[in-house]
Amino acid sequence: MQTPFWNKEIETAERAVLQKIQLERLRETILWALKTPFYQKQLREARISSPDNIRSLSDLRKIPFTTKDDLRLNFPKGLLAVDMKDVVRIHSSSGTTGIPTVIYYSKEDIDNWSDLMARCIFATGATRADIFQNMMTYGMFTGGLGLHYGAERVGMAVIPIGGGNTKRQIKTMKDFCTTILHVTPSYLLHIHSKLDEAEVKREELVLKKAFIGAEPHSEDFRKKIEHIWHIDAYNSYGLSELNGPGVAFECAYKKDMHLWEDAYIVEIINPETGQPVKDGQPGEVVLTNLIRRATPMIRYRTRDLAFLHPEPCPCGRTHRRLSRILGRTDDMLIINGINVFPSQIEEVVMRIPEVATNYVIQVEKKGALDHLTVKVEIYPKLFLGEPAQLDRLKARITDELHSAIILHPSVELHEPNSLPVSEGKAKRVIDLRPKE
Ligand code: ADP
Ligand code: ZN
C-alpha cells in the first residue's frame with residue numbers, strides 16, 4: 001500500500017526537523033502578522049513586538065486565540081497583511097453558522113496551497129493518469145478551487161463540473177471515464193440512488209476513488225459509501241480560514257488524516273478552559289498557519305472537535321494524524337438538558353443495514369419539553385413486507401438511539417429520496433424550537 005511521496009523529504013522528516021521548520025516559520029509568520037491591525041493588538045497583549053520574542057514553540061501559547069468572531073469584527077481588511085495589489089484571490093467561508101469571513105491569498109499563498117493539495121492527492125495513490133471530476137461547489141467556497149489547483153499540479157485531467165445536476169454528473173462520469181470524484185459524502189450516497197434514473201449502470205463506470213470532505217460523517221457512513229460504490233473513499237479536512245481543503249487528508253491506509261505540520265501547528269484544547277488536553281484525547285482543534293502571507297492566522301479556534309493519533313502511520317509520513325471530526329463545538333444540541341451531537345445519531349443510524357442513504361434530525365418544543373425526531377430513509381423493498389416488520393425496525397432504531405444518547409426519540413421511516421438532499425454541505429439538523 002506504499003504510495004509515492006510528493007515531497008518525500010518533508011513528508012518523512014524527523015520530528016525534530018519538523019519542529020525546527022515550525023519555529024522558523026512561526027517567527028516569519030509573526031513578522032507578517034505584525035503588519036495587520038488585528039494582530040498588532042493581539043501580539044501587543046502578549047508582549048510580542050518582534051519575531052525575536054518567540055524563542056521556542058511553547059512561546060506560541062502566550063498569544064491569545066483568534067476566533068471566528070474576531071474575523072467578523074475585523075471584516076473586511078483587519079487581517080490583511082499585504083498590499084491589495086499583491087492579492088490574487090479572495091475566498092470566503094460558506095457561512096454555515098453565520099456571517100461569512102474573508103480570506104485573501106497572494107500568488108505565493110495559492111502556490112503553497114496547491115502544493116499541499118498535491119501532497120494530499122499523491123498520498124492516496126492517485127496519479128497524473130487519473131481523471132478527476134470535481135463535484136464540489138466552485139466560487140467563494142474553497143472546496144472547489146482548492147482541489148482543482150492541486151489536481152492540476154499533479155497533472156490529472158480535471159473536470160471542473162462543480163456541484164449539482166445529478167444526472168449530468170453521472171453521464172459525465174461515464175463519458176469521460178472518471179476515476180476520482182471530489183464530493184461531499186452525503187451527495188455521493190445520493191448520486192448512487194440516481195444511477196437507474198440516469199440509465200447508467202455502475203459497471204459502466206471506472207470509478208476507483210472519492211475524496212470526501214466539507215462535512216462531518218462517521219466511519220460507518222464511509223463504509224456504506226465504499227460498499228455501495230465499490231471504491232475507496234478518503235477523508236479530506238480543511239476550512240477556509242486556514243486556506244481551505246488540504247489541512248489534513250487520509251493516505252492509502254485510510255486510518256485518519258495526516259495534518260501537514262510543516263504548514264500548520266496544531267493544538268488540541270479543552271474548549272471550556274482553553275488548556276491543552278493530553279495526547280490522544282479529544283478536544284477543539286486550534287490551528288496556526290505557517291506559510292500564508294496575505295491573511296496570517298495564529299491559534300485559530302476551529303470549533304471542530306477531534307483528537308491526534310500520537311503513534312506513527314505505516315505509510316512512513318511523520319506528520320501526525322488527526323481523527324475524523326467528531327462534531328463542532330457549536331453543533332451540540334441541548335435537548336431537555338442532555339447534550340447530543342448529531343454525529344452520535346449518525347453513528348447509530350448508519351450502522352443499521354436497513355437504513356439507506358439519508359437522515360434528518362428534528363427538534364421541536366412540545367409543551368414545556370423538547371422533542372427529538374429522527375427521520376431515516378430505508379430501502380424501498382422494506383415497504384413491501386409486513387407492517388409489523390417496519391414496526392420492529394422502528395423499535396430497534398429507537399432502542400439503539402436510546403442507548404447511545406439517553407433520550408427517547410420518535411423515529412420515522414421514509415422512502416428513499418423523500419427527505420431533502422443538499423448538493424453541497426448536508427443540512428442534517430432542523431431545530432424548530434423558538435430562539436430564546
Ligand atoms: P463554514 O462551514 O464554517 O462556513 P467552511 O466552508 O470553511 O466554513 O467549512 C469548514 C468546516 O467544514 C470545518 O470547520 C468543519 O467543521 C467542516 N469540515 C470540513 N471538512 C470536514 C471533514 N472532512 N469532516 C468533517 N467536517 C469537515
Ligand atoms: Zn499514512
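Visitor: Before that, what are the ground rules?
Guide: This is a predicted model, in which local features need pLDDT of at least 70 and side-chain atom pairs count only at pLDDT 80 or more, while totals for chains, interfaces and linings use all residues. Residues are numbered from 1 along each chain as its sequence is written, chains are lettered from A and ligands numbered from 1 in the order in which they are written, and side-chain values use heavy atoms, with hydrogens and water left out.

Visitor: How many salt bridges does a search of the whole structure find?
Guide: The search finds 30 salt bridges. The term denotes a side-chain nitrogen of Lys or Arg within 4 Å of a carboxyl oxygen of Asp or Glu.

Visitor: At what N to O distance do Glu250 and Arg222 meet?
Guide: Their side chains meet in a salt bridge at 2.8 Å, N to O. The pair links distant parts of the chain, 28 residues apart: Glu250 belongs to strand E8 (residues 244–250) and Arg222 to helix H9 (residues 219–229). Helices (H or I, at least four residues) and strands (E, at least two) are DSSP runs, numbered from the N terminus.

Visitor: Is Glu250 buried or exposed?
Guide: Glu250 counts as buried because its relative accessibility is 0%, and Arg222 is likewise buried, at 2%. Buried means under 20% relative accessible area, exposed over 50%, and partly exposed in between (1.4 Å probe, protein chains only).

Visitor: Which residues are linked with them in a network?
Guide: Glu219, Arg222, Glu250 and Arg324 are linked in a network of salt bridges. On helix H9 itself, the buried residues are Phe221, Arg222, Lys224, Ile225, Glu226, Ile228 and Trp229. Just after H9, His230 takes a positive phi of about 55°.

Visitor: And what about Lys62 and Asp59?
Guide: Their side chains form a salt bridge of 3.4 Å, N to O. Lys62 is partly exposed, with a relative accessible area of 46%, whereas Asp59 counts as buried at 13%. Another salt bridge joins Asp330 and Arg328, at 3.4 Å, N to O; Asp330 is partly exposed at 30% relative accessibility.

Visitor: Which residues line the cavity?
Guide: Among them are Leu71, Phe75, Pro76, Val102 and Tyr104. The lining divides into seven nonpolar, three polar and no charged residues. In this division, Ala, Val, Leu, Ile, Met, Phe, Trp, Tyr, Cys and Pro count as nonpolar, Asp, Glu, Lys and Arg as charged, and the others, Gly among them, as polar.

Visitor: What kind of peptide bond joins Phe75 and Pro76?
Guide: A cis peptide bond, with omega about 0°. Pro76 is in the loop between helix H4 (68–73) and E1.

Visitor: How much space lies in the second largest pocket?
Guide: The second largest pocket holds about 440 Å³. Of its 21 lining residues, the closest to its centre are Arg61, Ile265, Val266, Glu267 and Arg320. Helix H2 (15–33) and strand E10 (264–269) are the elements that give two or more residues to the lining, and E10 supplies the largest share, four residues. The lining comprises nine nonpolar, five polar and seven charged residues.

Visitor: Which residues form the nonpolar patch on the surface?
Guide: Met84, Ile90 and Met140 form it, with about 260 Å² of accessible area together. Patches are made of residues with over 30% relative accessible area and no salt bridge, like charges being joined within 9 Å and nonpolar side chains (Val, Leu, Ile, Met, Phe, Trp, Tyr) within 5 Å. Accessible areas come from the Shrake-Rupley method with a 1.4 Å probe; for residues, only the protein chains shown count as cover. Ile90 lies in strand E1 (residues 87–92).

Visitor: Finally, where is Cys177 found?
Guide: Cys177 is in the loop between helix H7 (166–175) and strand E5 (180–183). Its phi is near 55°, a positive value in a residue other than glycine.

How values were computed: On a 1 Å grid over the protein atoms alone, a cavity is a set of points where a 1.4 Å probe fits but cannot get out, and a pocket is an open set with protein on both sides within 12 Å along at least five of seven lines; lining residues have an atom within 4 Å of a point. Grid points are joined across faces, edges and corners, and a volume is the space filled by probe spheres set on the points.
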